[in-house]
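The sequence and coordinates come first, and the discussion follows.

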Amino acid sequence: MADINFNQSRHLFERATKVIPGGVNSPVRYFQPYPFFVESANGSKLFTNDGNVLIDYCLGYGSVFLGHGNQEVGTEVKYQMDKGNLFCTPTEKEVQLAETCTKIIPCAEMVRIMNTGAEATMHSIRLARSFTNKTKLIKFEGGYHGAFDYVLNKAGSAAAAKDYTDGILTESASKTITIPFNDIEVVQDIISKRENHNDIACIIVEPVLANTGLVLPEKEYLNSLRNITKENGIVLIFDEVVTGFRLALGGASEFFGIKPDIATFAKTLGNGYPISLVAGNREIMSGLAPCGSVYQASTFAGNPVSVTAALKTLEILTKEKNTIYPKVAISCDKLVDAIRDIVSDKQLDVMLNSIGSMFQLFFTNKLIRDYDSVKSTDTESFNKLFRILLKKNIFIPPSPYETCFISTMHNEEDIEKTIDAYESALSTVRDF
Ligand SMILES: Cc1ncc(COP(=O)(O)O)c(C=O)c1O
């Protein structure tokens with residue numbers, strides 16, 4: 001096979017850096033020496049401006065669960081676009097989407113539709129503060145909830161690779177307590193401290209950490225979080241921006257059988273269209289303006305195009321849930337088991353974490369159970385692995401602090417090609 005080249009992307013990146021800071025519109029998209037540019041995408045594939053076809057395990061950082069350019073979603077969206085794309089008045093489809101979500105999401109008696117994951121988490125924290133009349137929040141090291149002031153301390157995703165906290169007032173982050181994941185004693189200690197006594201409004205947690213590689217909750221951990229928060233009048237927020245509708249139709253909440261007080265969703269909800277939502281019980285959700293006094297507003301919230309995409313996505317997922325979720329899990333297991341065999345044959349110090357349609361590989365011989373264990377892995381080898389895989393037409397997210405995703409469109413041939421690519425990449429990664 002001819003060596004893959006990204007010459008056109010290099011030219012485009014040179015142009016981009018002159019007019020866009022760092023050449024990208026989200027820091028996670030940058031990698032050395034320059035990112036590739038994409039012209040189109042279909043199913044499990046990305047088509048770059050250089051003419052390369054890549055099997056995509058990034059999938060819009062987990063958004064495109066049904067694969068790129070899903071035709072059923074696309075057809076509905078085009079139909080809606082002909083009827084208008086922004087009214088800023090209520091529409092019947094918003095009601096339909098909210099009704100659908102209350103049937104699917106375990107904690108949802110009401111939902112408020114927004115645009116991005118960050119909006120949803122930011123407003124859920126504000127809601128929790130108002131509901132409890134308390135000020136502090138607990139988040140976890142390596143947990144990523146969006147690019148806003150009070151959740152960026154020891155955050156995951158691109159923020160894990162570098163300290164990106166410039167411009168944030170100490171005061172605005174001073175009510176955030178950041179603690180290690182998977183250690184329930186630390187949660188207990190923090191709650192019982194005199195200075196926090198009766199002032200913790202909420203705990204916000206990704207039920208599966210998906211922005212610091214992939215870190216799974218240990219047995220009973222989420223359950224214990226649920227019990228502790230209930231006992232102490234603390235609102236438990238599941239940030240399901242990644243796990244929602246992906247781990248199961250009802251997200252991590254359904255998967256683990258735990259009902260938080262509030263849950264936030266985005267990504268898979270619109271299969272790539274910008275839409276998010278906050279879900280919770282009637283009492284908490286009624287705190288939102290105009291019925292309550294927690295202000296949340298947005299020009300584009302509930303726009304008919306994104307709502308249409310979400311309605312169709314949820315319709316497909318609901319109709320086909322008995323085939324879709326087992327299928328993606330089988331593909332993921334097959335890939336991960338094969339990589340585990342390769343690693344064991346080659347006696348490499350490599351760990352793999354996986355759940356449902358998500359997986360990640362770490363260069364370490366230690367168990368990956370929190371932010372510190374991910375931070376201590378050999379990231380240089382990971383970066384080499386990334387580059388070698390890319391040369392073999394496999395695109396995984398360009399950082400060990402991200403997660404790889406499988407869509408319903410990844411077929412057996414994709415998985416076999418990917419296994420072959422990992423096999424040869426893992427043979428050369430140490431001396432690349
Ligand atoms: C778990 C989680 N929460 C929140 C966000 C923020 O979402 P957005 O980038 O749409 O603002 C992300 C983004 O990756 C995420 O993974």
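At 27% relative accessibility, Arg369 counts as partly exposed, in a model that is predicted. The side chain of Arg369 meets that of Glu218 in a salt bridge, with an N to O distance of 2.6 Å. Because Glu218 lies in the loop between β7 (200-205) and α9 (221-231), and Arg369 in the loop between β12 (358-362) and α14 (371-375), the pair ties together parts that are 151 residues apart in sequence. Glu218 is likewise partly exposed, its relative accessible area being 31%.

| Salt bridge | N to O distance |
|---|---|
| Glu218 and Arg369 | 2.6 Å |
| Asp261 and Arg226 | 2.9 Å |
| Lys417 and Glu413 | 3.4 Å |

Asp261 and Arg226 form a salt bridge in which both residues are buried. Asp261 sits in the loop between α10 (251-256) and β9 (262-265), while Arg226 belongs to helix α9, so this pair ties together parts that are 35 residues apart in sequence.

The bridge between Lys417 and Glu413 lies within a helix: the two residues are four apart in α16 (residues 412-428), and are therefore separated by about one helical turn. Lys417 is partly exposed, with a relative accessible area of 46%.

## Ser381 and its surroundings

Ser381 is found in helix α15 (residues 379-391) and, at 5% relative accessibility, counts as buried. Its side chain makes a polar contact of 2.5 Å with the side chain of Asp378. The C-alpha atom of Ser381 is separated by 9.7 Å from that of Pro400, a residue 19 positions away along the chain.

## Helix α13

Helix α13 (residues 321-345) has 25 residues, and the distance from its first C-alpha to its last is 36 Å, close to the 36 Å expected at 1.5 Å a residue. Its buried residues include Ile324, Tyr325, Val328, Ser331, Cys332 and Leu335, and among them are also Val336, Ala338, Ile339, Ile342 and Val343. Which elements do the buried residues of α13 pack against? They pack against α12 (304-319), β11 (351-355), β12 and α16; α16 is also the helix that holds Lys417 and Glu413. After α13 comes Gln347, whose phi is positive, near 50°.

Technical notes:
Residues are numbered from 1 along each chain as its sequence is written. This is a predicted model: local features need pLDDT of at least 70, side-chain atom pairs count only at pLDDT 80 or more; totals for chains, interfaces and linings use all residues. Side-chain values use heavy atoms; hydrogens and water are left out. A salt bridge is a side-chain nitrogen of Lys or Arg within 4 Å of a carboxyl oxygen of Asp or Glu. Buried means under 20% relative accessible area, exposed over 50%, partly exposed in between (1.4 Å probe, protein chains only). A polar contact is a pair of N or O atoms within 3.5 Å; within protein, one must be able to donate a hydrogen and the other to accept it, and residues adjacent in sequence count only if both atoms are side-chain atoms. The expected span of a helix is 1.5 Å times one less than its number of residues. Contact means heavy atoms within 4.5 Å.
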